[in-house]
Number of protein chains: 2
Amino acid sequence: MEYDLTKRKAQILRAVVETYVKGGEPVGSKYIAQNVMPNCSPATIRNEMADLEALGYLEQPHTSAGRVPSELGYRFYVDCLAGEYKKTKAETELMSERLRGKQHELDKILAEASRLAGSMTNYTAIAVRPRADMTKIIRFEVMYFDSRNLVLVMLSGSGAAKTRNLRLPFDVLPTDAAHLANTLNTFIAGHTLEEITLPLMMQAEEEMGSEARLLSVAMKEIYSGMEEQGGGEIKVDGVDRLLSYPEFSDVGKLRGLLGAIENKDGILDTISHLEGDELGVVIGKENLSDNMSDSTLVVKKIKKDGKVVGAIGIIGPCRMDYANVMATVDALAESVGKMISTELRMLESPKDK
Amino acid sequence: MEYDLTKRKAQILRAVVETYVKGGEPVGSKYIAQNVMPNCSPATIRNEMADLEALGYLEQPHTSAGRVPSELGYRFYVDCLAGEYKKTKAETELMSERLRGKQHELDKILAEASRLAGSMTNYTAIAVRPRADMTKIIRFEVMYFDSRNLVLVMLSGSGAAKTRNLRLPFDVLPTDAAHLANTLNTFIAGHTLEEITLPLMMQAEEEMGSEARLLSVAMKEIYSGMEEQGGGEIKVDGVDRLLSYPEFSDVGKLRGLLGAIENKDGILDTISHLEGDELGVVIGKENLSDNMSDSTLVVKKIKKDGKVVGAIGIIGPCRMDYANVMATVDALAESVGKMISTELRMLESPKDK
DNA sequence: ATTAGCACTCGAACAAAAAGAGTGCTAAAA
DNA sequence: TTTTAGCACTCTTTTTGTTCGAGTGCTAAT
């Protein structure tokens, strides 16, 4: 993306964004001239601002008000910021510290990190977990509960385990459970849904012999487990903080945003459409969900061994303290990334609760 | 609870509640005289209303406004309603129908029922799941993922399964996994946390021989799994619907309520303090959480074999369509109760990991 | 290219007045 | 004794008008 703004225009735009973000009120030429560029007169600033408005970077709420950044304006600001928003080393250290040793499960770590991000920035935070890919199950286990109930455990290639209760309309023996597990591991494990053909099933049934009906009950659950749609999960923290911001005192907007957060699909979509590993900043109408067209999402994916294992992010109004939020999300995501790659050592350290 | 109101006072109070609930505006004597009690003059109603106010059932927003029910007024109304709020058989049937066959896991059934309750009443719905009791694990299973990763499966007496990933700082063989499972089933299964004594552990370690370190990793996870506190879970549906109600355009109140919903502790407390199996209606300051003191919670526990396995409920402003909400929640909870007693043998749905 | 000066616009804040709804009280009626 | 009509009173809501001030755009001078 190329922006050809003169240095001075860029400086003014930046000043407008920062001032408006802080104060929440449209900023006028006088203010800029006095506080930011003392060697220019208000009139000069006015001219420049008029230009910036014509170029689409600024907007005017009404004729006699100051200027406010447009979404493009924010976009420019954010793009300019890229690279220089990082937290200091000390702060990063501190965050890592507050995260460390708290939890051992990825879920919990993500939740804690997002909680932290939320409370540090005073915006609403989300923790995202991609949906477990159960497309290919590499191993089955069957546990005997009682004569009419078994528990089926499915292990995916990524290490995610899923359990399913099998309620049977007939009695079985513990040996049947083992037999079932065996059969599943022999014929079904390692295949995707499409690869499970009729001949394969017939072989498996033959293997089960008289207990073929048990197999069919299990297969039903396996199918539903593998098919199960519904994407990842989002944990939200601090929705109430949205209400701190005047932009959401508009009931309609707030309602839309709450809906979007609850719906989660739009957010997941947006995140999954993000390219690259870098911090993503999705401003206003850049969001895929219409209901989020007045909000900004700052999010960073967390990778482990090259695979995305989650993300943490912040949701707030477009008028957002970008520098702080970006730095915080970035640093926390970084911390989490480091934590989960050094987890081996953690397991050895004494448990603290 | 005894209320000694004359029949007429009761009738007026009831009329005020219903009118106010519907219209959202204070109701005056004239309205009642014309639409509800045509054989009384406004003056008579006024006198009665003054009495009702003195008794604490009604309130006046300001001198020259109509009357509004106090929380006590709502309480009276709800208590009077008890018994006559039920949905018709046909409606109940319909709801059961919409629930049936959708899902097989208790979690999902509860979520679906609450979702339904929310959309039928246009309030915010919650689905509550008590925490899985992992106090006693009756069976273990260990799955081999790779040489440094195992998956531990724990099965509780109630049929809930929980999985845990074991990351190892050393290499193991598939036979070690089986060995570990064996040892756990022999020495640990069937015991509560307190019953696992040092001698027991030593026996187990001896059994594991050279792979005792594997046991200690597993035990750490088992402990954390069994100890894991944090009460039930609440799934919320339709927070955005809160915004339909003018009482929550007060930012402070809305904020408090959102906080309370997110916090969930207050709600869980309130629910667990409810006595009996009947429909619970918690009005305003009856709520344990201060943040809910302007809201009403209508909730019904769902039991299975005498054990509470969940609850569904509705949250809204005190000015709520009690008859409809109570009937809906009651009927849906009833439906769920019936469903799980005919379709599910095992109490808990599996916990995915 | 910049700046000073000025007329102009438009919202915010305030005040005063008018409208309307509902009450409480008193005295008459049932 | 209970009910009702009548009336003065209170308090909110809405309307209308006015002022104030911030900030702009434009023009002419620097």
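Predicted model: local features only at pLDDT ≥ 70, side-chain atom pairs only at ≥ 80, totals over all residues.
**View 1. Where chain A and chain B touch.** Chain A brings 47 residues to the contact and chain B brings 53 residues. Together the chains bury about 4300 Å², and 58% of that is on carbon and sulfur atoms.

**View 2. Salt bridges and polar contacts across the interface.** The count between chain A and chain B comes to two salt bridges. For one you can find by eye, pick out D240(B) and R255(A), whose side chains meet in a salt bridge at 4.0 Å, N to O. There are also eight residue pairs in polar contact across the interface of chain A and chain B, counting pairs with both residues at pLDDT 80 or more. On the side of chain A that touches chain B, the elements giving two or more residues are β4 (137–146), β5 (149–156), β6 (161–167), β7 (233–237), α10 (251–263) and α13 (343–348) of chain A. The most comes from β4(A), with seven residues.

**View 3. Strand β10 of chain A and its partners.** Zoom in on β10(A), residues 307–317, and you'll see a strand that is mostly covered, with nine of its 11 residues buried. Strand β3 of chain A (residues 124–129) pairs with β10(A) in the antiparallel sense over five bridges, and here T124(A) stands opposite I315(A). Strand β9 of chain A (residues 295–304) also pairs with β10(A) in the antiparallel sense, over 10 bridges. In that pairing, look for V299(A) opposite G313(A).

**View 4. The hairpin of β9(A) and β10(A).** Two residues lie between the strands of this hairpin, and D305(A) takes a positive phi near 55°.

**View 5. Strand β8 of chain B, side by side with β9(B).** Now over to chain B, where β8(B) covers residues 280–283. G280(B) and V282(B) point one way from the strand, V281(B) and I283(B) point the other way, and all are buried. Strand β8(B) pairs with β9(B), residues 295–304, in the antiparallel sense over four bridges.

Methods:
Residues numbered from 1 in each chain as written. Chains lettered and ligands numbered in written order. Heavy atoms only, no water. Buried < 20%, exposed > 50% of the residue type's maximum accessible area, 1.4 Å probe, protein only. Pairing = 2+ DSSP bridges. Contact = heavy atoms within 4.5 Å. Buried area = accessible area lost by both parts, 1.4 Å probe. Polar contact = N/O pair within 3.5 Å; in protein donor to acceptor, adjacent residues only side chain to side chain.
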